[in-house]
Amino acid sequence: MLKLTIFSVISLLVIILIMCVIKKYENNEKRLDLYFIISSILTVLIHYSSLIVRFRNGNYFIEDNMFLPVYPCNVMMWINLVLCFLITKKGKAFEILATFSMYCGTMCGIVGLCFNANFLNNPSFSDYVILKGLLSHVTLIFSSLYLGLFGYIKINTLKNLKGLLVGAIILALSSVVSMQILTKMNREPVNGMLLKPLADKPYVNFYMICLVGLILYLIFTSVYEAIVYKEDAWFRNIREREENERDFN
């Protein structure tokens, strides 16, 4: 666990450093878009690079998460890749998916990096399959966090809820479809999104995680708006609107 913690801290510091450099020296919109595109494509390439190592070693078995979005991080990786095609126009679809990526992609990446189960089972950086799993989470964090730090998506508690709802639906559908495909292939279905509660921990499930995530989201964004937006924070606007309606009546 110590090695993973050190690697995670160093990785997060490198991400912050790179973003600080970009923030200071880059203001060209097209190049800013390009940095996101590069990091998103790099995430996919790193994810699939382990297949080359496996094939060279004579192992031709393709794991479930190599062709299906069985885990949340797989879904976020592909969403960021889709955003690469939407980032120039920045329309409604981009806004919804980018909002989901900014929040969920960042958190999934951090959890997948700091508590990487594969590394904890085999704590060796010399095993490329293990190492690429860590590196792909690092680039995923960069891509998703980039959307927020560089102004593609602004924190707006009520407005951002639409993106989170759409994202939750995407996660659930990805899990259902993946499990059905694996069943038809006579493979053991992967309960990657925890749609089915764990037998020994029934409270750990998709719905409870969404509820806890929503509560944490409301706390974080409300505090952020109170500090940054001050009187324009969403809860103050609602209170002011209610007071104006009472005065009007």
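**Notes on the predicted model**

1. Lys 90 sits in the loop that connects helix 3 (72-86) with helix 4 (92-114). In this predicted model, the phi angle of Lys 90 is positive, near 55°, although the residue is not glycine. Lys 90 counts as partly exposed because its relative accessibility is 28%, and that class lies between the limits of 20% and 50%.

2. Asn 186 has a positive phi near 60° and is placed in the loop between helix 7 (157-184) and helix 8 (206-228). Is Asn 186 buried or exposed? With a relative accessible area of 73%, Asn 186 is exposed, since the class begins over 50%.

3. As to the overall fold, the protein chain contains 9 helices and 0 strands. Read from the N terminus, the order of elements is therefore written α-α-α-α-α-α-α-α-α. The C-alpha trace extends over about 75 × 50 × 40 Å along its principal axes. Of the 249 residues in the protein chain, 41% are buried. When contacts between residues at least 6 apart in sequence are considered, 73% of them join residues at least 24 apart.

4. Which residues of the largest nonpolar core touch the most other members? They are Leu 83, Tyr 146, Leu 147 and Tyr 152, within a core of 48 residues. At least two residues of this core come from each of helix 1 (2-25), helix 2 (29-56), helix 3, helix 4, helix 6 (128-149), helix 7 and helix 8. Helix 4 provides the largest share, namely 9 residues.

5. The surroundings of Leu 83 may be inspected individually. Leaving aside residues up to four places away in sequence, Leu 83 touches Phe 36, Phe 94, Leu 97, Ala 98, Ser 101 and Leu 147. Leu 147, one of these partners, is itself listed with Leu 83 among the core residues that touch the most other members.

6. The final point concerns a helix pair. Two packed helices are described by the angle between their axes and the distance between the axes. For helix 2 and helix 6, the axes come within 9 Å and cross at roughly 165°. The two helices are therefore roughly antiparallel to each other, as angles over 145 degrees are classed in this way. The crossing of helix 2 past helix 6 is left-handed. Sorted by class, the residues in the contact of helix 2 with helix 6 comprise 13 nonpolar, 9 polar and 2 charged.

Terms used:
Residues numbered from 1 in each chain as written. Predicted model: local features only at pLDDT ≥ 70, side-chain atom pairs only at ≥ 80, totals over all residues. Heavy atoms only, no water. Helix = DSSP H or I, 4+ residues; strand = E, 2+ residues; numbered from the N terminus. Buried < 20%, exposed > 50% of the residue type's maximum accessible area, 1.4 Å probe, protein only. Core = buried A, V, L, I, M, F, W, Y, C linked by side-chain atoms within 4.5 Å. Contact = heavy atoms within 4.5 Å. Axes fitted to C-alpha atoms, helices over the stretch in contact; angles between N-to-C directions. Parallel < 35°, antiparallel > 145°, perpendicular 65-115°, else oblique. Left-handed = near helix turned anticlockwise from the far one by under 90°. Nonpolar A, V, L, I, M, F, W, Y, C, P; charged D, E, K, R; others polar.
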